[in-house]
Amino acid sequence: MLTKRLIACFDVKNGMVTKARNFQDNIDIAPAQEVAKRIYDEQIDEIIFYDIMASAEKRMIDLPMVKRVAEEVFVPFTVGGGIRSLEDMYQVLKAGAEKISIDSMAVRHPEIITRGALAFGRQCMVLSMQVKKVPVTPQIPSGYEIAIDGARVFTGMDAIAWAKEGESRGAGEICVNSIDRDGTHQGYDLEITQAIAEAVNIPVIASGGAGTPEHLRRLFTETDVSAGIISSMLYSPRLPRNYTVAEIKAELGAAGIPLRPYREDL
Amino acid sequence: MIGVIDYRAGNAPSVYHALRRIGATASLVRTPEEIEQVDGLILPGVGAADATIVSLEEDNLIDAIYQEVLFKHKPFLGICVGLQIMFEHSDEDDTPCLGWLAGEVRQFPKTVRVPQIGYNEVRFLKDHPLVEDMGASDYFYFVNSYYAVPEDDIVLAEAEYGLPFCAMVASRNMMASQFHMEKSGQSGLKMLHNYVRIVEEGIPLC
């Protein structure tokens, strides 16, 4: 049986993992490859790194960082930030990443999804979307709008319509990031996550708001998503307590959620 | 020395990093000459069957691989699309494949999300040096929309996604996994290490 995935997600700035709250106010944690190695040793299922300054500084993702991380982790590794062309994607994949996360770039140039999928396979293309709850209007019937550029620019696009378009253009997975829940540690936005999971037939990843294993238990029992992103709860000094992957998996396993088992003997 | 075939559409660096981590002597091979010099081969794969074959053809690698595997009987390990293209035909874009193994490659039913992405339980059906000390089953990372349907009795392991499907094959010197053993944590590294032993110690295969 296919298991649910726990994905550790880290924002990287100048090679350091940082923690953002509502996309602002970064604090440094540790060098990316150290964090990657630690979380791999904890038996995380998958890892995502976002180079959060690459887009704003109009430069390519930090390739040496990608390579250093790839040498330390032997689970799938996704990167995002500053990827603008097929050649950029090729460089990132050859540096050792498995998947490419595209976000604002995909909204501005949706054809990049198709071109990437044709060149490298749709499994490489993770369409990441920032969604915010807004009043329902004819233009935004789902009541969730797509934002870009670090959630600073609102696009007038409906979240569900964009998810469907992304799937038809060749995305292999969709990552739904809730702007309202990001950094709150109050739990995922289950409503929009489930609505998107029902609207597409590719795997959906939930992101934004995880603070406790209970939030993941609710995500996997109340929605049809394939994976949940966790971040602060693993390492943020701002949370009252952090959790190891083993602790999270023990709690989810006890709730009957299918997972890659945590191996005590490793 | 294990050669990881490094063609444009593949993910050879990930496999190479994993081999380095387990202490294997390995190199990335990009030319027919380099392919001839190694003791065993790994054909990594990601993406579409058609793009994989076109990419291998553009790099003039198919004849060289064929020589080493089918005539010199060097150990060969295909991964993911590297498994699929060993068969005769793939339904993905109606692609003719290498035809080393009898059978075809089909798409998962519409009742499941495709691609399949994530760790799935793999049950080992036979004893084989590649799955030695792996127990009865273990979890490995899959990324696939298609799966192989071999005609012969070469299925070494199976998994389930909408239906039971072939997760590994073994036929003489040819071995392959549908999952990414280079990206399946310690269990994957252990299986990769079994392959390294097959090559380095010359473990006989039947």
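This is a predicted model: local features need pLDDT of at least 70, side-chain atom pairs count only at pLDDT 80 or more; totals for chains, interfaces and linings use all residues.

Visitor: Why is α1(B) called roughly perpendicular to α6(B)?

Guide: Helix α1 (residues 12–21) of chain B packs against helix α6 (residues 185–200) of chain B at an angle of about 80 degrees, and their axes are 10 Å apart. Angles of 65 to 115 degrees count as roughly perpendicular, and therefore the term applies to α1(B) and α6(B).

Visitor: Which residues make that contact between α1(B) and α6(B)?

Guide: Ala18(B), Leu19(B) and Arg21(B) contribute from α1(B), and Leu189(B), Leu192(B) and Val196(B) from α6(B). By class, this contact has 5 nonpolar residues, 1 charged residue and no polar ones.

Visitor: Turning to chain A, how do you know that the buried residues of α3(A) line one face of the helix?

Guide: Helix α3 (residues 86–94) of chain A has Met89(A), Val92(A) and Leu93(A) as its buried residues. A residue is called buried if 20 or more other C-beta atoms lie within 10 Å of its own. Viewed down the axis of α3(A), the buried residues fall within an arc of 95 degrees, so they line one face. In general, an α-helix has 3.6 residues a turn, so residues three or four places apart point the same way.

Visitor: What covers the buried residues of α3(A), and what follows the helix?

Guide: The cover includes α2 (63–70), β5 (77–80), β6 (99–102) and α5 (111–120) of chain A. Gly96(A) follows α3(A), and its phi is positive, near 120 degrees.

Visitor: Why are β6 and β10 of chain B said to stand at the edges of their sheet?

Guide: The open sheet has 4 strands in the order β6-β5-β7-β10 (chain B), with mixed pairing. β6 (95–96) and β10 (146–150) of chain B each have a single partner strand, so one side of each is left without a neighbour in the sheet.

Visitor: What makes β7(B) and β10(B) a pair of strands?

Guide: At least two bridges are needed for strands to pair, and 5 bridges join β7 (residues 103–107) of chain B to β10(B). These two strands run antiparallel. The bridge partner of Val105(B) in β10(B) is Ala148(B).

Methods: Residues are numbered from 1 along each chain as its sequence is written. Chains are lettered from A and ligands numbered from 1 in the order in which they are written. Axes are lines fitted to C-alpha atoms, for helices over the stretch in contact, and angles run from 0 to 180 degrees between N-to-C directions. Angles under 35 degrees count as roughly parallel, over 145 as roughly antiparallel, 65 to 115 as roughly perpendicular and the rest as oblique. Two residues are in contact if their C-beta atoms, placed from the backbone, lie within 7 Å. Ala, Val, Leu, Ile, Met, Phe, Trp, Tyr, Cys and Pro count as nonpolar, Asp, Glu, Lys and Arg as charged, and the others, Gly among them, as polar. A residue is buried if 20 or more other C-beta atoms lie within 10 Å of its own, exposed if 12 or fewer, and partly exposed in between; C-beta atoms are placed from the backbone. The arc is that of the directions from the helix axis to the C-beta atoms.
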